[in-house]
Amino acid sequence: MRHLFPSRRSGSAAATLALLIATALSGCATTGESASGDPIEPANRPVFEFNQGLDHQVVRPVAEGYEAQVPAPVRSCVRNVFSNLGDIFTSVNQLLQGEPGKAVSDISRFGVNTTVGVLGCFDPASSMGLAKHKRDFGETLALWGVPPGPYVVLPLLGPSTVRDAFGLVPGWFFDPTNYVAGPAALALKGTQTVSARSSNLKASDLIDSAALDPYLFTRDAFLAHRLDQIYDGHPPIADADSARPDVN
Amino acid sequence: MTLSPTHALRERATSPMPEQRGFGFATAAAAAVLIVLLALLAPMALAEELAPDALIKSLTADVTAAIRQDPAIRAGDARRLSELVEAKIVPHFDFNRAVQIAMGPNWRRATPEQQEELTRQFKTLVLRTYSGALAAYRDQAIAFGPPRAHPGDSEVTVRSEINQPASEPLAIEYDMEKTGADWKVYDIRVSGISLVATYRNTFSEEVRNHGIEGLIQGLATKNRQANTAEKQT
């Protein structure tokens with residue numbers, strides 16, 4: 001089993017949970033190994049196709065309409081509001097990753113942008129020197145030594161790894177939009193999805209024009225990007241192939 | 001590409017000087033020292049401008065200025081953009097090394113003719129992606145990390161960051177090698193995603209399923225499709 005970093009914490013209940021997941025993951029990784037490092041590719045491909053279809057038929061056209069019809073300052077406000085809510089859980093993860101200074105910075109960011117920045121619509125915190133960060137629980141698990149496990153394409157949510165899929169669960173509880181009930185919840189989720197999609201329209205065009213096999217391109221780009229995030233921009237250079245999960 | 005030794009010199013020569021207040025003898029003396037320094041350092045600075053990080057900085061400044069000043073490129077004129085890329089970027093990119101990285105062990109199994117065709121098709125593919133990324137550039141500030149070039153190194157990574165409002169900066173890294181007297185880029189990574197190495201699995205899969213000729217056909221078809229799509233828009 002390969003660890004990205006030596007575990008910085010031990011003894012806590014969370015670490016025990018992490019160890020449990022780690023054991024489970026290394027188990028399924030060794031039994032389902034394939035040459036390409038993507039043991040469940042046959043299951044992933046149909047889900048990928050489904051996601052692509054849904055995107056082309058529904059999400060993308062709506063996002064394009066949104067970009068064409070809604071003025072840029074409004075779109076920026078919407079994007080910032082959701083990004084601001086994300087800063088809460090980023091701060092929690094900074095703490096779990098042993099970065100109390102950044103945790104304070106990120107929660108201060110949330111405080112400033114929620115009040116002075118009108119519920120996160122504006123971002124005065126950045127000009128005050130509180131830079132935006134994004135940390136998720138999958139990264140926290142990685143820093144605790146949990147291996148990624150196989151690459152997984154999740155329905156609706158897209159590329160992930162088994163570890164990162166588990167990591168989505170605590171994030172769900174820290175996302176205030178999940179505590180809104182009724183039709184308003186649907187409107188919120190819809191807006192969040194469309195806003196996020198509209199900001200990566202150009203990026204997805206680029207992938208379309210670059211990829212010979214969109215599934216492989218998306219997978220390898222995702223895994224490389226993920227490794228870069230986990231190593232905070234300094235992934236090991238000699239170990240370029242470790243971008244694939246659990247190839248030993 | 002235009003090199004501006006005096007500009008780089010100005011940064012170098014003035015930074016160690018203490019701040020001058022008023023115009024007295026000290027200022028005049030400092031000016032005299034500066035002029036002498038300028039004269040002495042000019043040939044050195046020219047040589048240093050060719051260091052990898054200086055080359056990327058100068059290229060970045062050139063290309064972003066060209067995009068800023070060209071309304072056609074800003075309006076999405078793909079041909080104008082590819083002319084710019086051809087003139088400014090291509091001379092500093094080593095496509096031969098890039099395609100070998102993407103091909104891995106299969107490179108040696110290709111005939112010289114196939115290697116030539118693979119390089120040609122891969123160049124088209126990579127340049128299109130790179131141009132597409134450049135087209136999205138809109139006046140964001142670009143910062144450069146500390147240079148990691150040591151004298152005598154023949155490989156180096158130059159790091160830069162594009163600052164974006166209300167999000168984390170976008171990291172752009174240039175893998176460079178020294179070939180002869182020149183530094184050339186052989187891979188570019190955007191937030192960890194490599195323009196070249198990302199193709200390794202795709203290429204080996206394609207070769208495994210359809211052979212090297214199949215990969216060449218696949219690349220050619222992809223490039224043709226993208227070309228017609230570009231003309232339609």
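The buried residues of helix α4(A) are Ala103(A), Asp106(A), Arg109(A), Phe110(A) and Asn113(A). Seen down the axis of α4(A), these buried residues fall within an arc of 120 degrees, so they line one face of the helix. And what do they pack against? Their partners are α3 (72–96) and α5 (124–127) of chain A. On the face turned away from the buried side, α4(A) carries the exposed residues Pro100(A), Gly101(A) and Thr115(A).

Helix α4 of chain A covers residues 100–115, which makes 16 residues, and at 1.5 Å a residue they should span 22 Å. The C-alpha atoms at its ends are 23 Å apart, which agrees.

## Chain A as a whole

Let us step back from the helix. What you are looking at is a predicted model, and chain A in it has 10 helices and two strands. Chain A has 248 residues, and 33% of them count as buried.

How much of the contact pattern in chain A joins residues at least 24 apart? Among contacts between residues at least 6 apart in sequence, the share is 66%.

## The hairpin in chain A

Now find the two strands of chain A. Strand β1 (residues 151–154) and strand β2 (residues 158–161) of chain A run antiparallel, and four bridges join them. One place to look is Val153(A), which stands opposite Pro159(A) in β2(A).

Between the strands, the hairpin has three residues. Which residue of this hairpin takes a positive phi? That is Leu156(A), with a phi near 70 degrees.

## Chain B and its sheet

Chain B has eight helices and five strands. From the N terminus on, its elements run α-α-α-α-α-α-α-β-β-β-β-β-α. Of the 233 residues in chain B, 25% are buried. Among contacts in chain B between residues at least 6 apart in sequence, 58% join residues at least 24 apart.

The five strands form an open sheet in the order β1-β2-β3-β4-β5 (chain B), with antiparallel pairing. Strands β1 (142–144) and β5 (193–194) of chain B stand at the edges, and each has a single partner strand, so one side of each is left without a neighbour in the sheet. Helix α3 (residues 52–69) of chain B packs on this sheet and touches β1, β2 (155–162), β3 and β4 of chain B. The direction of α3(B) makes about 35 degrees with that of β2(B).

Inside the sheet, look at strand β3 (residues 170–179) and strand β4 (residues 182–190) of chain B, which pair in the antiparallel sense over eight bridges. Among the facing residues, Tyr174(B) has Ile188(B) in β4(B) as its bridge partner. As you follow a strand, remember that in a regular strand the side chains alternate between the two faces of the sheet.

## Where the chains meet

How many residues of each chain take part in the contact between chain A and chain B? On the chain B side there are 25 residues, and they are in contact with 26 residues of chain A. Three elements of chain B, namely α7 (112–135), β5 and α8 (199–232), each supply at least two residues of the side that touches chain A. Helix α8(B) gives the most, with eight residues.

Chain A averages a pLDDT of 84, with 81% of the residues scoring at least 70. In chain A, pLDDT stays under 50 over residues 1–15, a stretch with 18 contacts beyond four places in sequence. Residues 238–248 of chain A also have a pLDDT below 50, and this stretch has 24 contacts beyond near neighbours in sequence.

Chain B has a mean pLDDT of 81, and 76% of its residues reach 70 or more. Among its elements, helix α6 (residues 95–103) has the highest mean pLDDT (96) and helix α1 (residues 5–14) the lowest (37). In chain B, pLDDT stays under 50 over residues 1–22, where the model has 26 contacts beyond four places in sequence. Residues 45–49 of chain B are also under 50, with 11 such contacts. Where pLDDT is low, the predicted coordinates should not be read in detail.

Conventions. Residues are numbered from 1 along each chain as its sequence is written. Chains are lettered from A and ligands numbered from 1 in the order in which they are written. This is a predicted model: local features need pLDDT of at least 70, side-chain atom pairs count only at pLDDT 80 or more; totals for chains, interfaces and linings use all residues. Two strands pair if DSSP finds at least two bridges between them. Two residues are in contact if their C-beta atoms, placed from the backbone, lie within 7 Å. Axes are lines fitted to C-alpha atoms, for helices over the stretch in contact, and angles run from 0 to 180 degrees between N-to-C directions. The expected span of a helix is 1.5 Å times one less than its number of residues. A residue is buried if 20 or more other C-beta atoms lie within 10 Å of its own, exposed if 12 or fewer, and partly exposed in between; C-beta atoms are placed from the backbone. The arc is that of the directions from the helix axis to the C-beta atoms. pLDDT is the predictor's confidence in each residue, from 0 to 100.
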